[in-house]
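Below is a short briefing on one protein chain. Please look at the structure first, then read the points that follow.

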Amino acid sequence: MAMKSNHEEVDILQAMHLASLSSLPFGLKVVVDLGLLEIISKADTPSRTLSPAEIVSQLPTNNPEAASIVDRILRTPS
């Protein structure tokens, strides 16, 4: 396998960065459309955190993967 030049690596990293830029606006749209902020804000106390499963229990879905999806949407990037 041929080694990539530094220029090719920079191009690949830039393409990956550009592709990831759209994930934040799409994630925010999903959060707003599903009403996740309202669900979270209605938690019993300000210090109470809801698990993804607790959030999903308040959504009209039967998707067994919904808690995992909500977790990924709300996860803080590291």
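Aspartate 71 and arginine 75 form a salt bridge, with their closest N and O atoms 2.7 Å apart. The model is predicted, and it holds 2 salt bridges. Side chains of opposite charge can pair when their charged atoms come close.

**Salt bridges**

- In the bridge between aspartate 71 and arginine 75, aspartate 71 counts as partly exposed at 31% relative accessibility.
- Arginine 75 also counts as partly exposed, with a relative accessibility of 48%.
- Lysine 29 and aspartate 33 meet through their side chains in a salt bridge, at 2.6 Å from N to O.
- Lysine 29 and aspartate 33 are 4 residues apart in helix α2 (residues 23-34), so about one helical turn separates them.
- Lysine 29 is partly exposed, its relative accessible area being 49%.
- Aspartate 33 has a relative accessible area of 54% and is exposed, because the exposed class takes in values over 50%.

**Overall layout**

- The chain has 5 helices and 0 strands.
- Read from the N terminus, the order of elements is α-α-α-α-α.
- Of the chain's 78 residues, 13% count as buried.
- The accessible surface of the chain is about 6500 Å², and carbon and sulfur atoms account for 62% of that surface.
- Among contacts between residues at least 6 apart in sequence, 26% join residues at least 24 apart.

**Helix α2 and what follows it**

- Helix α2 has 12 residues and reaches 16 Å from its first C-alpha to its last.
- This span is close to the 16 Å expected at 1.5 Å a residue.
- Glycine 35 follows α2, and its phi is positive, near 75°.

**The nonpolar core**

- In soluble globular proteins, nonpolar side chains tend to be buried together.
- The largest nonpolar core here has 8 residues: Val31, Leu36, Ile39, Ile55, Val56, Leu59, Ala66 and Val70.
- Helices α3 (36-41), α4 (52-56) and α5 (66-74) are the elements that each give two or more residues to this core.
- Isoleucine 55, one of the core residues, touches Leu36, Ile39, Ile40, Leu50, Val70 and Leu74, leaving out residues up to four places away in sequence.

**Two loop residues**

- Leucine 50 sits in the loop between α3 and α4.
- With residues up to four places away in sequence not counted, leucine 50 touches Ile39, Ile40, Ala43 and Ile55.
- Leucine 50 and isoleucine 39 are 11 residues apart along the chain, and 9.0 Å separates their C-alpha atoms.
- Serine 57 is found in the loop between α4 and α5.
- Serine 57 is exposed, with a relative accessible area of 57%.
- The C-alpha atoms of serine 57 and alanine 67 are 8.7 Å apart, and these two residues are 10 residues apart along the chain.

**Confidence of the prediction**

- The chain has a mean pLDDT of 86, and 88% of its residues reach 70 or more.
- Among the elements, helix α1 (residues 6-21) has the lowest mean pLDDT, at 88.
- Helix α4 has the highest mean pLDDT among the elements, at 94.

Methods:
Residues are numbered from 1 along each chain as its sequence is written. This is a predicted model: local features need pLDDT of at least 70, side-chain atom pairs count only at pLDDT 80 or more; totals for chains, interfaces and linings use all residues. Side-chain values use heavy atoms; hydrogens and water are left out. Buried means under 20% relative accessible area, exposed over 50%, partly exposed in between (1.4 Å probe, protein chains only). Contact means heavy atoms within 4.5 Å. Accessible areas come from the Shrake-Rupley method with a 1.4 Å probe; for residues, only the protein chains shown count as cover. A nonpolar core is a set of buried Ala, Val, Leu, Ile, Met, Phe, Trp, Tyr and Cys residues joined through side-chain atoms within 4.5 Å. pLDDT is the predictor's confidence in each residue, from 0 to 100. A salt bridge is a side-chain nitrogen of Lys or Arg within 4 Å of a carboxyl oxygen of Asp or Glu. The expected span of a helix is 1.5 Å times one less than its number of residues.
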